[in-house]
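Biologist: I have the model open. Can you walk me through it, starting with how the helices pack?
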Amino acid sequence: MSARLVLELGIGAPLTVLLSQEQSVKIGRNPDNDLVIHDEHASRFHAEVYFASGRFFLKNHSKNNGTRLNGSKISDDVALVNQCKINIGSAQIRFESIPIFNEDSSKTLPELELQDEVKESKSDAFVTQFLHDELSVLFSYVAESVLENNPRDLVEKALKILLTSTHAEKVGFLSLDTKEFMLKQVLPSNTSLDVELSKTLTSEAVTRGKTVWLLQEQVGIEAESLQSMQDAVCLLVKTKASEGRDENILGAIHLYNSRKFFSFKEVRFAEFLVDCLANSLQVLRMRRALEADNNRFKLIEEKDKELIVGASRLIVKMKQEIQRAALRTGSVLITGESGVGKELVALELHNKSSRKAEPMVSVNCATISPGLADAELFGNEKGAYTGADRANTGYFQQADDGILFLDEVGELSLECQAKLLRTLETGKIRPLRGKEINVNVRVISATNRDLQKEVQEGRFREDLFYRLNTCVIKVPPLRERLEDLPELVDFFLNRFSLEYRRRFLPSPEVLEKLKKYHWPGNIRQLKSVLESGVNRAESETLMAEDVDIPTNDASGGEAPKTINLAEVESWAIKIALERNGWNQTQAAKVLGIHRETLMDKIKKYKIQKTIPKTT
């Protein structure tokens with residue numbers, strides 16, 4: 001025999017309670033009751049309904065006000081019949097005998113007759129009064145979430161609270177956001193309760209756009225393991241619509257119990273906590289995007305101003321290539337010598353693309369430790385390697401929906417290249433010791449190496465080269481666009497004028513001197529030379545003696561007669577090392593490159609310190 005109690009009059013929750021033959025249902029004012037009645041004439045524990053000898057009985061526990069059945073007070077336990085009325089104070093509860101399943105267990109409960117409007121009006125009338133401890137839990141969660149940087153940890157904290165506060169046997173989170181990298185989390189991990197996170201409940205909650213409570217809704221359960229559940233709740237983790245952003249469902253929280261029904265108070269608490277979780281996840285996503293934005297390489301702050309200075313033929317052609325590439329969605333490879341401004345080209349591609357409102361994350365692959373490249377690019381879970389005391393959100397996850405700029409991509413190890421290729425082909429990454437997740441990232445890479453030669457020599461994967469090489473933008477070196485030099489000098493001196501709060505102007509002699517130099521360090525070196533000159537200048541006009549650049553007859557050997565890139569670069573490095581007493585840090589600063597890059601080039605060109613001959 002199956003039956004239920006339906007609250008017809010008065011304020012209480014839940015509106016419907018399914019009766020069990022194994023466990024009695026307690027009724028009263030105390031929040032711990034299975035059916036909570038909010039009435040001044042209801043005792044803390046007023047009555048209970050239990051099963052015995054094939055029937056359900058009503059037992060009174062109130063000494064003061066008593067319990068009435070069909071209008072008459074009861075003194076002894078009374079058997080309940082279909083459609084009888086139980087009265088406690090002003091509340092009226094109807095007892096119904098109902099069929100749940102037929103013999104083949106293929107039929108589900110009929111839908112409740114109460115209309116949504118009636119349910120909502122009664123729910124609104126019930127204002128949950130949280131205890132001090134429950135409010136403290138909510139406030140503590142909100143405070144701790146501000147310090148949390150990993151969304152999986154945010155979800156786990158919420159699940160732990162729900163497991164304790166709702167007395168659920170099993171709680172879980174199911175990700176519904178294709179942009180996010182959380183899949184499924186279940187607590188406790190060692191639970192004996194054999195039930196999967198219900199797809200039916202999840203689908204029903206998404207369709208209705210609100211919480212689905214199995215006790216009140218009785219949605220289809222015939223095809224799932226929920227038949228063994230006494231009660232289940234599915235709550236949507238969704239962000240609210242705001243200016244420029246639509247409502248977004250991030251996932252669903254599930255609560256299961258095979259022994260008891262959830263109380264209205266427990267479900268309301270869960271809804272409050274899930275709202276806090278949704279807000280925290282949204283704030284974390286926005287914070288990650290903001291942090292990624294702050295990592296961008298920016299030379300100017302003026303909005304909509306051209307980032308690339310110059311109007312020479314080569315620069316005009318390059319700007320046209322950037323405009324075309326920005327409208328596409330595939331990967332882009334930017335080539336050029338060190339210091340030519342490959343980062344600016346990447347930023348210009350981002351600003352002109354459809355992803356300009358999303359983050360752009362810039363990574364110098366040459367500065368990534370080979371042993372940590374996987375963790376930095378793809379992320380890692382806590383304990384993935386020695387020293388990994390917490391989960392790490394990798395660069396790909398930080399750039400989700402936006403652009404990831406991989407500078408010096410040729411510096412990646414072959415193993416890391418293989419994982420990068422797989423991500424480009426599948427749109428998926430796998431954090432160290434983590435589960436595979438989807439990412440929506442456009443990759444822009446840059447290199448100062450001849451990648452085709454690197455492929456031939458076995459240092460770069462051929463398949464990755466062809467994947468990156470679908471769209472190539474070559475940035476010309478400064479020596480091939482010297483007509484842009486006056487504009488570049490004005491640009492940098494204007495910046496230094498604002499920074500130093502002094503007006504700086506170039507003299508004609510300075511421009512002549514700068515034009516005669518071959519600029520192996522390109523734009524980065526030009527900026528460094530001008531900044532040094534500004535620090536030396538005694539007046540607002542920059543003089544030739546203020547600018548310290550090597551001459552063609554400087555130490556370091558005779559200038560190469562050709563403009564072969566490797567020969568020019570090797571010669572420039574020798575000059576910089578000789579002029580700085582072979583101090584690699586100072587030489588790298590003069591050349592406008594990283595010290596690690598300089599060390600690699602010294603090894604590449606087999607440059608050795610020249611020992612002066614003695615007589």
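Modeller: One definition before that. Helix axes are lines fitted to C-alpha atoms over the stretch in contact, and angles run from 0 to 180 degrees between N-to-C directions. Helices (H or I, at least four residues) and strands (E, at least two) are DSSP runs, numbered from the N terminus. This is a predicted model, so local features need pLDDT of at least 70, side-chain atom pairs count only at pLDDT 80 or more, and totals for chains, interfaces and linings use all residues. Residues are numbered from 1 along each chain as its sequence is written, and side-chain values use heavy atoms, with hydrogens and water left out.

Biologist: Fine. At what angle do H18 and H19 pack?
Modeller: About 100°, with the axes of H18 (residues 584-591) and H19 9 Å apart. That makes H18 roughly perpendicular to H19. The cut-offs: under 35 degrees is roughly parallel, over 145 roughly antiparallel, 65 to 115 roughly perpendicular, and the rest oblique.

Biologist: Which residues make the contact?
Modeller: Contact means heavy atoms within 4.5 Å. H18 brings Gln584, Thr585, Ala587, Ala588 and Leu591. H19 brings Arg595, Leu598, Met599 and Ile602.

Biologist: Which residues of H19 are buried?
Modeller: In H19 (residues 595-604), Thr597, Leu598, Lys601 and Ile602 are buried. Buried is under 20% relative accessible area, exposed is over 50%, and partly exposed is in between (1.4 Å probe, protein chains only).

Biologist: How do they sit around the helix?
Modeller: Down the axis of H19, the buried residues fall within an arc of 140°, so they line one face of the helix. The arc is taken from the directions from the helix axis to the C-beta atoms.

Biologist: And what follows H19?
Modeller: Lys606, with a positive phi near 55°.

Biologist: Switching to strands. What is the order in the open sheet?
Modeller: E2-E5-E4-E6-E7-E10, six strands with mixed pairing. Two strands pair if DSSP finds at least two bridges between them. The edge strands are E2 (12-13) and E10 (78-79), and each pairs on one side only.

Biologist: How many bridges join E6 to E7?
Modeller: Six, between E6 (residues 47-52) and E7 (residues 55-60), which run antiparallel. Tyr50, for one, has Phe57 in E7 as its bridge partner.

Biologist: Now charges. How many salt bridges are there?
Modeller: The structure holds 25. Each is a side-chain nitrogen of Lys or Arg within 4 Å of a carboxyl oxygen of Asp or Glu. One of them joins Lys85 and Glu8, at 3.2 Å, N to O. Lys85 is in strand E11 (residues 85-88) and Glu8 in strand E1 (residues 3-9), 77 residues apart.

Biologist: How accessible are Lys85 and Glu8?
Modeller: Lys85 is partly exposed at 25%. Glu8 is partly exposed too, at 22%.

Biologist: What does Lys59 meet in a salt bridge?
Modeller: Asp77, at 3.6 Å, N to O. Lys59 lies in E7, and Asp77 in the loop between strand E9 (72-73) and E10, 18 residues apart. Lys59 is partly exposed at 29%, and Asp77 is partly exposed at 32%.

Biologist: And Arg536, which residue is its partner?
Modeller: Asp548, with the closest N and O atoms 3.9 Å apart. Arg536 is in helix H16 (residues 522-536), while Asp548 is in the loop between strand E26 (541-542) and helix H17 (565-579), twelve residues apart.

Biologist: Which residues do shared partners join into one network?
Modeller: Arg4, Glu8, Lys85, Arg94 and Glu96.
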